[in-house]
Amino acid sequence: MDFSAQDHLFMAQALRKAQGGRYLSTPNPFVGCVLVRDGVLIGEGHTQVAGGDHAEIQALHDCRRRGNDPRGATAYVTLEPCAHYGRTPPCALRLVEAGVVRVVAAISDPFPEVAGRGLALLREAGITAEVGLMAGEARALHHGFLSRVERGRPWVVAKIGASLDGRTALASGESKWITGEAARADVQHLRARACAIITGVQTVLADDPLLTVRRLDGEPWTLVRQPLRVVLDSRLRTPPTVQMLKAPGKTLFVWSGENTDELNARQAALEAEGAETLWLGGADGRVDLPGLLNKLAERGINTALVEAGGRLNGAFLMAGLVDELVLYQAPVLLGGSARSLAEFHLERLADRPHALETERVAVGEDLRWTLRYTPY
């Protein structure tokens, strides 16, 4: 299908507009929509908090706020308009009612209740509905949502702060702070975009972290939501006094030990502090990592951020479960006795995790490496 230069221009604007919902919309994808008539942008919007307006509805509201009439307009949208009644009415139907005459979607929505039905509804109403414009860019934008729907598991990002020699802490466990203030502020954006943050019990026992989003762009910022905190704790060793249980948001402890009176008591103590618990044992007695990701997808988790120690980082990498690695590399050396960023053993160099794409940017005094292992 041939699209004009103007089509590309306005779809690019829809993709940019979508970014406004990246901290808000989960479990919904953060979609962008632009309304255009006679070559002029007359309204635009992005998806709001789950249960709120989708991008198309925001664009229609914006159009009318500007004193414009959407009748006869073209809607450029980064994902096929929905066609089902969920928390909100179908967006495809609202576009029909608004008098839009053409809809250009970057990609189809694989969600089973949509899956082409939105485009079909539009066409049945006599609206020209096209799909495929800037599809690669749209898949990259919506990769978390697409991962959950198409693969049945979240897009997994492993975040690591390390020295030049690949160390994340001294042998004693001391790690504050290897990376600089700018890198630590940048991490808050990763957390804000994530639906869940996964860590291990060793990190919790050593650091007692909050694992919350606290600041964006150096200013206090209140999130509409906090990511779900997921602690892998096979024997439920986490004390119920940890500070994350007093922080905003929910915490889930995933365990895999034998069902004993002692473990039952630990489970009850954590649940008494408001935590959720889930038993998910693997063949080796440890938490079943693929099973965990499947369970998180069932909860509507699109993107999971792993912030853990070397053992859990290595387990995720060797299981082929890391889609993207974000490494903040500080210009310091910690020596051979310090803790490794990822613990795993390779027999052959050919078996190493191989990145499809690598990006490197400076963040303050540190470097941020982004290695992508999974195609969008």
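## Starting at an exposed loop

Asp 38 counts as exposed, because its relative accessibility is 75%, and the cut-off for that word is over 50%. Please keep in mind throughout that this is a predicted model. With Asp 38 selected, you will find that its place is in the loop between strand 1 and strand 2, the latter covering residues 40–46. Asp 38 also has a positive phi of about 55 degrees, although it is not a glycine. Most residues other than glycine have a negative phi, and most peptide bonds are trans.

Next, select Ala 115, which is found in the loop between strand 4 (102–105) and helix 4 (117–124). Ala 115 is another residue that has a positive phi without being a glycine, here of about 40 degrees. Ala 115 is partly exposed, with a relative accessible area of 44%.

Now go to Pro 27, in the loop between helix 1 (5–18) and strand 1 (32–37). Is the peptide bond from Thr 26 to Pro 27 cis or trans? That bond is cis, with omega near 10 degrees.

## A pair of helices

Select residues 55–65, which form helix 2, together with residues 91–98, which form helix 3. The two helices pack at an angle of about 25 degrees, and their axes are 9 Å apart, which means that helix 2 is roughly parallel to helix 3. On the side of helix 2, the contact is made by Glu 56, Ile 57, Leu 60, His 61 and Arg 64, while helix 3 contributes Cys 91, Arg 94, Leu 95 and Ala 98.

## A buried glutamate

Move on to Glu 130, which has its place in strand 5 (residues 128–131). Glu 130 counts as buried, because its relative accessibility is 13% and the limit for buried is under 20%. Which side chain makes a polar contact with the side chain of Glu 130? The partner is the side chain of Arg 102, at 2.6 Å. Leaving out residues up to four places away in sequence, Glu 130 touches Met 1, Phe 3, Arg 102, Val 103, Val 104, Ala 105 and Arg 123.

## Helix 6 and its surroundings

Select helix 6 (residues 143–151), where Gly 144, Phe 145, Leu 146, Ser 147 and Arg 148 are buried. To see what the buried residues of helix 6 pack against, show helix 5 (135–141), strand 6 (155–162), helix 10 (289–298) and strand 14 (303–306). Helix 6 is followed by Gly 152, which has a positive phi, near 75 degrees.

In helix 10, pick out Gly 291, which is buried, with a relative accessible area of 12%. The C-alpha atoms of Gly 291 and Arg 153 are separated by 9.1 Å, although these residues are 138 residues apart along the chain.

## The whole chain

Finally, clear your selections and look at the whole chain, whose secondary structure comes to 11 helices and 18 strands. The radius of gyration of the chain is 23 Å, close to the 21 Å that the globule rule gives for 376 residues, so the chain is as compact as a globular protein of that length. Along its principal axes, the C-alpha trace spans about 65 × 45 × 45 Å, and 51% of the 376 residues count as buried. Among the contacts with a separation of 6 or more, 72% join residues 24 or more positions apart.

Conventions
Residues numbered from 1 in each chain as written. Predicted model: local features only at pLDDT ≥ 70, side-chain atom pairs only at ≥ 80, totals over all residues. Heavy atoms only, no water. Axes fitted to C-alpha atoms, helices over the stretch in contact; angles between N-to-C directions. Helix = DSSP H or I, 4+ residues; strand = E, 2+ residues; numbered from the N terminus. Parallel < 35°, antiparallel > 145°, perpendicular 65-115°, else oblique. Contact = heavy atoms within 4.5 Å. Buried < 20%, exposed > 50% of the residue type's maximum accessible area, 1.4 Å probe, protein only. Polar contact = N/O pair within 3.5 Å; in protein donor to acceptor, adjacent residues only side chain to side chain. Rg over C-alpha atoms; globule rule 2.2 N^0.38 Å.
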